Amino acid sequence: MVTEAEARDLLQRAATTIDVPPARDLPTAAPERARWIVPLAAAVAVVVAIAVGVSVSREDRAKEPSPTGPSPALPTVNPGFVPSPFGMRADEATRMLERAGYQVNVIDEVAACRESGRVIDIDPNPTAPLSAGSTVTITVTREAPTVDCVGSVDTFAWQLIDFAMGRGAAPSFADRVLIDINGTTHMLTGEKALELVTRPAQAGGTGLVHFVTRIAGLGGIDPDANGYPIHQFEVKENDGRFLRCGNDPWPEGLQGRSALSVVAAPAYVSGCQTMDVFRTGVDGSSVFGTQGPIDALVYRTGGRLVPFEESAGGSAVNPPENPQAATVAMRFLGFMQGVHKFPDTTHGSIRLYLGNKFQRTIAGDQTDDPAAWDMCATYAESTCPYSPLRLLREGKGLDGVGVVGTVPGCLDTLAEPISPGDVGARNSVVVRRSGPGLTCGESWAVQLFYDDDYRLTAVNVLHGSP
Amino acid sequence: MTVDFAEYVAARRATLFRTAVLLGCPQQDADDLVQVTLTRCYRHWAKVSRANNPDAYVYRVLVNAYRDARARHWHSELPTEELPEVVIADDDLAAALAVRSAVEALSEEHRAVLVLRFYADLSERETARVLGLPAGTVKSRTARALAALSADQNIVRSN
């Protein structure tokens, strides 16, 4: 028999499957008989319904703009809440934020082969409450001038994102399109494929529009994830070997073909999401060099991920240096969990440490072999082997596991802390298990050193003594 | 002490939305339903906010608005095509969806008491007021609803 306490728990879990659309304007007084007009008018105005896909009643569905043409711009968020200028040009974003009453601070992020002038990060997160007059910092892409790229490599990704956010035209689809969702493959006509990517989100929904709006932080505050949806993304060229979310096989016929891979960097959300977009005419060559229509889409959701340690007030304490650093940790965590291959983001070999003491170097071609990570030493009053992979695979799952910026106290060491410079790194990020309710003996940390390009150079495993 | 309307909405909107969906409101209509509820409450907010528990009043408005709207609007089926269904890889998500299906499969009467008592977190007496039922009826329905939920083989109960 389900008890009342269990019923509460079950209903909370059921509720987590329901995506809540962004808040509308607060109601204002209206005559009683006009009660349906206020929300319906709001629904028409709130074209985010196309993006989020849940807030327009059926009467208005017929009036939705065609998904094949440009849609009206996104709505602004309620006064007092940070709107999302994700993907906008810097000047548009500045205007939007200033209209909302905020001071705007612009940071440039220089990177190779990216379209310049796009807002890729917003701090505080979109939909966060923030009083007027406060400063919102936006990070804007700036292309590295010294790198020779064939075109601006992520232009097509931005085209997709603009479309998904109602700011641009639909991408073109081939006559037949392969769509693979977590390992289940479907062949659809181009028309049906377009319908799928614009279809309103189902529970845990996929679809380009749903996917992008989640990345853009327009899903609203998610109390169940104890934070805000992430509004970071990465665009990679992927031939199927790149790390991906979950462990479903790559669809037949797509192996070796390059795709544009959009990866939601899931720092605050549980469950990663990736979308790989394939275009015709690019077999064996760069996806970025083609203008062909889309003939395959691969979605991956899953791969359990954990939030940063949260303070009582809800803001992250001791966070990683930045979202890229968090991504390094999340990827390695996926590897520890056995849901990902070893993240192929190294110089070729990894220096392996136990309790700050160097053990050996793992060659680049051995990193996928769990045995290569085993270490044996007298340490932490436990028995060997020690291994970052055994921590989760033989442990108690993700209880208490989080990503933080520095190694927690109370863990045993065999040597002085490792200086990043000594291992060719810029900094480190830590996957750790610790916190209230856990004894030191139940705690551990995996310190991941990364260089300027966020490639792993060294891994340090620390255990606590019982 | 009165609660500011904007603060109340910021704190409760997501729960109201999810309650609406759990009660059986189609997800695409739930935002309208919540907006209608909030609009009605806003007009009487001075009074509502002085109540011991504004939630009880707001949920009553939500339930009434849901009943009104359902009678009026939700007879037609959503258009469907032979598009692929979403496949969920995440075990937790799959478990949560199983619970949601189990709740959807309950009778409307059972679903209402479960959702209001254990998701909206109303007391027995408040639930009775919201549903316009005697408290004893809420008690007996709750027991039967819990039994019905227990009988669902697909849900994974936490230990």
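Which residues touch the most other members of the largest nonpolar core? In this predicted model, local features need pLDDT of at least 70 and side-chain atom pairs count only at pLDDT 80 or more, whereas totals for chains, interfaces and linings use all residues. Residues are numbered from 1 along each chain as its sequence is written, and chains are lettered from A and ligands numbered from 1 in the order in which they are written.

Of the 57 residues in that core, those touching the most other members are Leu11(A), Ala20(B), Leu22(B), Tyr59(B), Val99(B), Leu114(B) and Val115(B); a core is a set of buried Ala, Val, Leu, Ile, Met, Phe, Trp, Tyr and Cys residues joined through C-beta atoms within 7 Å. Its largest share, nine residues, is contributed by α1(B). Beyond its neighbours within four places in sequence, Ala20(B) is in contact (C-beta atoms, placed from the backbone, within 7 Å) with Cys25(B), Ala30(B), Leu33(B), Val34(B), Leu62(B) and Tyr66(B).

The axes of helix α1 (residues 5–23) and helix α6 (residues 108–119), both of chain B, come within 9 Å and cross at roughly 155 degrees, which makes α1(B) roughly antiparallel to α6(B) (angles over 145 degrees). Thr19(B), Leu22(B) and Leu23(B) of α1(B) form this contact with Arg111(B), Ala112(B), Val115(B) and Tyr119(B) of α6(B).

In helix α2 (residues 27–43) of chain B lies Asp31(B), which is buried, having 29 other C-beta atoms within 10 Å, where 20 or more are required. Asp31(B) and Leu16(B), 15 residues apart in sequence, are 9.2 Å apart in space, C-alpha to C-alpha.

Key. Axes fitted to C-alpha atoms, helices over the stretch in contact; angles between N-to-C directions. Helix = DSSP H or I, 4+ residues; strand = E, 2+ residues; numbered from the N terminus. Parallel < 35°, antiparallel > 145°, perpendicular 65-115°, else oblique. Contact = placed C-beta atoms within 7 Å. Buried ≥ 20, exposed ≤ 12 C-beta atoms within 10 Å, placed from the backbone.
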